[in-house]
Amino acid sequence: MADGVEESTAPVRLAAALPWHAPAWTALTRDIARLPHALLLHGPEGLGKRALAWRLAETLLCAQPGPDAAACGACTSCALLQAGTHPDLLHVHPLADSNVITIDQVRELREFAALKPHSASRKLAILEPAEAMNLNAANALLKVLEEPPGSTVLILVTPRPARLPATIRSRCAQIALRVPGSTEAAAWLRRQGIEDPKAPLEAAGGAPLRALELARSGEMERRAQVLEDIARLAEGVEDPLRCAARWKDYGTEQCLEWFQRCVSDRIREWMSGGSEIRLKAENSRHLKGLFQFLDAVSEARMLASGPLDQTLLLEDLLI
């Protein structure tokens, strides 16, 4: 297989069942024999969509899944998965030197889907992140979805379903992962050894896996620096060009996510200040300006994953 289109690369029990996956898992396994031919798993970053996709693949390929629909981990199929050599599982992702999924990769997927299963009762293809498909690849995938092979289940994974063509979304059964409640998320993080999960959860927008990553890395310090930069920029005492260079080093998309959340929080604070405050002309203009700037930050965040120069993008926004 070419790079970016490869047979199974994940071991059995890729991830333990995550508690906030329970509603989605129940929906997926309620009548697993009649599972739709195409699924779209979506939700914010940091919820474990990839882990859920692999867990479902393990179950669908397993010869004797347990009563909770978990893969047994002992049959021949599970052994092949553990070795990363299962012939009935395909993983499609961007090439090593690219950030897109190409039409050639989708054509290979189509050829894979057209073949009969080797050892399992069905074939599985996981495509992630689905929004990485270029236009030609998306059109090629649409043909697969319009004439689905009877023995193949296609699982698309994306944090940004709106970036997929509506024609593709409409042909997939959509499974949305939701951010869990703060109590559930905090309890899970404490079980992972995070004594004070409040700040990481806030930084991660409530997504537990992202919060865990933040807590175990140096990103909380970087986030604090970004928030300090924002405050100093608002006061006019910080250089936007210096901030742009620092944010690019930290990771443009991550910094813009924090910036977007900061502006959203400011809007919520302003909106909760009472109608008598919001109705004043000056405050109304300020609120309108905040919404306009939120749109600008959101647009910059979308553009950050494209071919534009990230330093110039940040400089333009911060100036």
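Let's start with helix α9, which spans residues 208-216: its buried residues are Pro 208, Arg 210, Ala 211, Leu 212 and Leu 214. Keep in mind as you look around that this is a predicted model. What lies over these buried residues of α9? The cover includes α7 (182-191), α8 (198-203), α10 (219-235) and α12 (252-271).

Now turn to the interior. In soluble globular proteins, nonpolar side chains tend to be buried together. Here the largest nonpolar core has 63 residues. Those that touch the most other members are Leu 56, Leu 89, Leu 124, Ile 126, Ile 155, Trp 247 and Phe 259. Take Leu 124 and look for its partners: leaving aside residues up to four places away in sequence, Leu 124 touches Ala 57, Leu 60, Leu 61, Asp 88, Leu 89, Leu 90, Phe 112, Val 153 and Ile 155. Another core, of 25 residues, lies apart from this one, and Ala 132, Leu 141, Leu 145 and Cys 172 are among its members.

Finally, find helix α4 (residues 103-114) and helix α5 (residues 135-146). Their axes come within 8 Å and cross at roughly 15°. An angle under 35 degrees counts as roughly parallel, so α4 and α5 are roughly parallel to each other. Their crossing is right-handed. Which residues meet there? From α4 come Ile 103, Val 106, Leu 109 and Arg 110, and from α5 come Asn 136, Ala 137, Ala 140, Leu 141, Lys 143 and Val 144. By type, the residues of this contact are seven nonpolar, one polar and two charged. You have already met one of them, Leu 141, in the core of 25 residues.

Technical notes
Residues are numbered from 1 along each chain as its sequence is written. This is a predicted model: local features need pLDDT of at least 70, side-chain atom pairs count only at pLDDT 80 or more; totals for chains, interfaces and linings use all residues. Side-chain values use heavy atoms; hydrogens and water are left out. A nonpolar core is a set of buried Ala, Val, Leu, Ile, Met, Phe, Trp, Tyr and Cys residues joined through side-chain atoms within 4.5 Å. Buried means under 20% relative accessible area, exposed over 50%, partly exposed in between (1.4 Å probe, protein chains only). Contact means heavy atoms within 4.5 Å. Helices (H or I, at least four residues) and strands (E, at least two) are DSSP runs, numbered from the N terminus. Axes are lines fitted to C-alpha atoms, for helices over the stretch in contact, and angles run from 0 to 180 degrees between N-to-C directions. Angles under 35 degrees count as roughly parallel, over 145 as roughly antiparallel, 65 to 115 as roughly perpendicular and the rest as oblique. A crossing is left-handed if the near helix is turned anticlockwise from the far one by less than a right angle, and right-handed if clockwise. Ala, Val, Leu, Ile, Met, Phe, Trp, Tyr, Cys and Pro count as nonpolar, Asp, Glu, Lys and Arg as charged, and the others, Gly among them, as polar.
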